[in-house]
Protein chains: 2
Amino acid sequence: MAGGGAHPGRSVTSRALRVLDAFDADHPRLTLSEIAERSGMPLTTAHRLLAELSAWGALVRRPDGRYVVGRRLWDLGLLAPVQAELRQVASPFLLDVHTATRDTVHLAVRDGLDALYVDRVSGRESVPVVSQVGSRLPLHAVGVGKVLLAAAPPEVVEDVLRAPSRQTRHTIVDPVRLARELAEVRRSGAARTSEEMSLGAASVAVPVVVARGGAPTVVAAALGIVVPTHRAERDLPRLVPVLQVAARGIARELARTDEFR
Amino acid sequence: MAGGGAHPGRSVTSRALRVLDAFDADHPRLTLSEIAERSGMPLTTAHRLLAELSAWGALVRRPDGRYVVGRRLWDLGLLAPVQAELRQVASPFLLDVHTATRDTVHLAVRDGLDALYVDRVSGRESVPVVSQVGSRLPLHAVGVGKVLLAAAPPEVVEDVLRAPSRQTRHTIVDPVRLARELAEVRRSGAARTSEEMSLGAASVAVPVVVARGGAPTVVAAALGIVVPTHRAERDLPRLVPVLQVAARGIARELARTDEFR
């Protein structure tokens, strides 16, 4: 990050990216001085980089002087495979599940030790959930996360089991119990949670298993559904096959995309 | 764009952004040499910038050597108001309309002379449409576009009327007829199209009109629905009030957001 020297370009690009780093879900609108402070650079440097990033359309200055992420970056983000390949292929299937159940349906992929929510279909009558598109939640505390963790490389599982964070009083933080549950997920092909991330909400999730000609199958994503706890006992078991049908449909479509061919 | 001189930083940031410019919907996966060619820079420069952009997560290098847009940019793009404020607020209402009709529902905003599609809900049984999230289509050729054009500043209308592009043999390219139609959209509060963008598809759209305490109302977006042409006569008239109810719901929620308060 140090400036100048033999690679002036490197540090300048890094600084521009550090300006973008100042923005996150908790800080979507920032003033010049907030950006300078959050990215640790002088006001004058931040001001110059903001002018360039705004000219290109990465950021937009609002009438109140605060900067927000611009449509140009939104556009570019839509080209990411997670959106252009996975989300677009899966979206009609999520809609099918929602139409049949009226509950909140999620699609997630693993991102490090988190489940990254790629899509969500949620009506206004569905149970309120904390996740939204782009959210990251700890793998061990959510249904889609347990599915993704059960399919993750051993070193990822070890990392999570070392210190599973407590999200509610129901989060499973005992490594032995969690490991047993992951084995059960691998055996049964479905994961359940009950108030482990949000009180009042229970979930079930299944993997999207993509077959690649000859090569081993890949868990490309997890598909899950969230219901109010009082309906969990009655509804979650019957929702597993609903999710499995949709997950197979998604997997079939994905197998045809560039990523898996 | 010229390098070095008094503002070395400016040109370096510009070059990094030019690397990103190489990617678009028709070119989502590019090799190093394609990127260098499309951004008009030497291979060595492109290589160095790609390394920095990849280290940050803006781009990802696939096993086959091609670069794609990374999750980090997707993430950042989700913070854009068009997504974080508009799409998120509107999404359940689009779902309501789709659930009631089973047809493809669109939400779009004006971006220059185009309608930018911000959200779409489309089942697998809906009529196939060319637009997807992030698509831009000419304002005068689509239902949501006519609604947005009818509310646009006079200079935008003039620009479009100067040379409306022909998309199908049914696209209205006569400026006088188009101007008359825009007046009718303003009067009736709804726009219709019939095979003007895609053969076999008809549409109707309404504005999302946001009231701001004291200030003039703003057309923040347009909400539209697409049906097969053979159902247009029977279905489009009864779909207008369905869209209007949803549009009012969206407008009410938007009026509470930071953008309009």
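Which residue just after α3(B) takes a positive phi? Let's look at that helix in this predicted model, and then at chain A.

## Helix α3 of chain B

Just past the end of α3(B) sits G57(B), with a positive phi of about 105°. The helix itself covers residues 43–56, 14 residues in all, and spans 20 Å from first C-alpha to last, close to the 20 Å expected at 1.5 Å a residue (1.5 Å times one less than the number of residues). Helices here are DSSP runs of H or I with at least four residues, strands are runs of E with at least two, and both are numbered from the N terminus.

Its buried residues (under 20% relative accessible area, with exposed meaning over 50%, using a 1.4 Å probe and protein chains only) are T45(B), A46(B), L49(B), L50(B), E52(B), L53(B) and W56(B). Down the axis of α3(B), they fall within an arc of 165°, so they line one face of the helix; the arc is taken from the directions from helix axis to C-beta atoms. Over on the other side, T44(B) and A55(B) are exposed.

## Chain A overall

Chain A has nine helices and eight strands, and its C-alpha atoms fill a box of roughly 60 × 45 × 40 Å along the principal axes. Of its 261 residues, 55% are buried.

## Ground rules

Residues are numbered from 1 along each chain as written, and chains are lettered from A in the order written. Local features need pLDDT of at least 70 and side-chain atom pairs 80 or more, while totals for chains, interfaces and linings use all residues; side-chain values use heavy atoms, leaving out hydrogens and water.
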